[in-house]
Amino acid sequence: MNPIKVLLVDDEEDLSLVLAERLEMRGFDAKGVISSEEALSLIKEYEFDVMVIDVKMPGIGGVDLMRRVKHQNPKTQVILFTGHGSSKEGELGISEGAFDYLIKPIKIEDLIEKIEKAVGR
Amino acid sequence: MASLSHELNNVFAIINEHNGLLEDMLAGLKQGMPLDEKKIQRSSQKIGYQVERGKELIKRLNQFAHSTDHAVMETEITQWLQAIVALSQRLAGMKEMIIEFKASPGETIFLNTNPYYLQQAVFICFQVFMANCEANRLITVAAEKAEGMLSLTVAGSAINDDEFTRDKLGLLKILLEQLNGNLEIKSRNGQNYSIILKLRELKIEV
C-alpha cells in the first residue's frame, strides 16, 4: 500500500515541519510549508491525499486556501487546524468542504485517525 | 486579544510537537535506533525559545488586562505604545501590513492619563488604516511631548471615506474627550494621512 501523502500548511514553521517529521516517522509521505502561497505552488507539481491547513495565516487564509485547493484538486481532503475557542471556524470550514478539523495543540494520534478516515483507510 | 490568544495557542502547540518528537526519539531508542543528538538539541532550543515567547505574550496580555485597574495613572507612553503595537502586529500581519513604532532615542515620555482609553484610541487609529489594507502596507506610530501636551501621530497612506471610518472617528472623538484631548487629521494632496491625538494631563484622583 502506498504511503498517504500529506501536506501541512501552517505559518509557524516549527509546527508544520516538526509535524511533517513525526508523520514521516509513522510511515506517511509528509511535507510541511509555511504559507498558502508555498502550498499553492507545490500542489501544481504534486497531488496530496490530505492537506492539513491552519485556519489563521497571514495573506491567503486557511479556508480560502482550502477553496482553491478543492477547485484545483477536488480529490484532496482537507483537515483544518483551529485554535481554542475557535470551534466555530472549524464548523464553518466543514460547511465549506473540509473533511474535519482539530483544535491546537493536537494529539498526533487524533490527527492520524482523521487522516486515515479522510482517505478511507 | 483573539490574535494574542491564537499566538499563545501556537506556542503551546509547538512545545507540544517538539515534546512529542523527543518522545518519538526515545521510543525509537528502545527499539534500537540511535539517538540523534542534533535533533535533541534543536528540540530543546526550540522549546526554550517558545517558553520565552510565551512569557512575553503573557506579559503583554497582563498589561492589557490590568490597564483597566486604575482609571488615571502616570503612564510611561513609550512602553504602552510598544505594547499596543506588539498586540496589534499579528492582526496587521494577517492583512499583510506592518505597524512600526518610531521611538525618539533616549526619550521617556510620561503622561497622567487613562491607559485603557489610550490603548482603545490608538487601536481605533489602526483599525481605520487597516480598513484599507491595499493602500496601507505600513502604519507608523510616533509620540512627542511638548509644553505638557502629548502628540500621538498614527500615519498611513490612505483613509477610506465610508461609514465604518466615520463611525470609528466618531468613537475616537468621544474617547479623546475622556482623555482631555482632541483629534486632528492631516493629509498631503489626499494622500499620506496622519491621525494626530493631542492629549493633556488628567488629574489623578486620590
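In this predicted model, five strands of chain B form an open sheet with mixed pairing, in the order E2-E4-E5-E7-E6. Strand E2 (98–102) and strand E6 (181–188) of chain B are the edge strands, each pairing on one side only. On average, neighbouring strands of the sheet are turned by 20° against each other, direction ignored.

Phe101(B) stands opposite Val141(B) of E4(B).

Helices of chain B accompany the sheet. Helix H4 (residues 115–130) of chain B packs on the sheet and touches E2, E4, strand E5 (149–156) and strand E7 (191–200) of chain B. Helix H5 (residues 163–178) of chain B lies across E6 and E7 of chain B. The angles of these helices to individual strands are tabulated below.

| Helix | Strand | Angle |
|---|---|---|
| H4(B), residues 115–130 | E5(B), 149–156 | about 20° |
| H5(B), residues 163–178 | E6(B) | about 140° |

H4(B) also packs with helix H3 (residues 77–94) of chain B, at an angle of about 35° and with the axes 10 Å apart. The crossing of H3(B) past H4(B) is right-handed. From H3(B), the contact is made by Trp80(B), Leu81(B), Ile84(B), Ser88(B) and Ala92(B). H4(B) contributes Pro115(B), Leu118(B), Gln119(B), Val122(B), Phe123(B), Phe126(B) and Met130(B). By class, this contact of H3(B) with H4(B) comprises 10 nonpolar and two polar residues, with no charged residues.

Conventions
Residues numbered from 1 in each chain as written. Chains lettered and ligands numbered in written order. Predicted model: local features only at pLDDT ≥ 70, side-chain atom pairs only at ≥ 80, totals over all residues. Pairing = 2+ DSSP bridges. Helix = DSSP H or I, 4+ residues; strand = E, 2+ residues; numbered from the N terminus. Axes fitted to C-alpha atoms, helices over the stretch in contact; angles between N-to-C directions. Contact = placed C-beta atoms within 7 Å. Left-handed = near helix turned anticlockwise from the far one by under 90°. Nonpolar A, V, L, I, M, F, W, Y, C, P; charged D, E, K, R; others polar.
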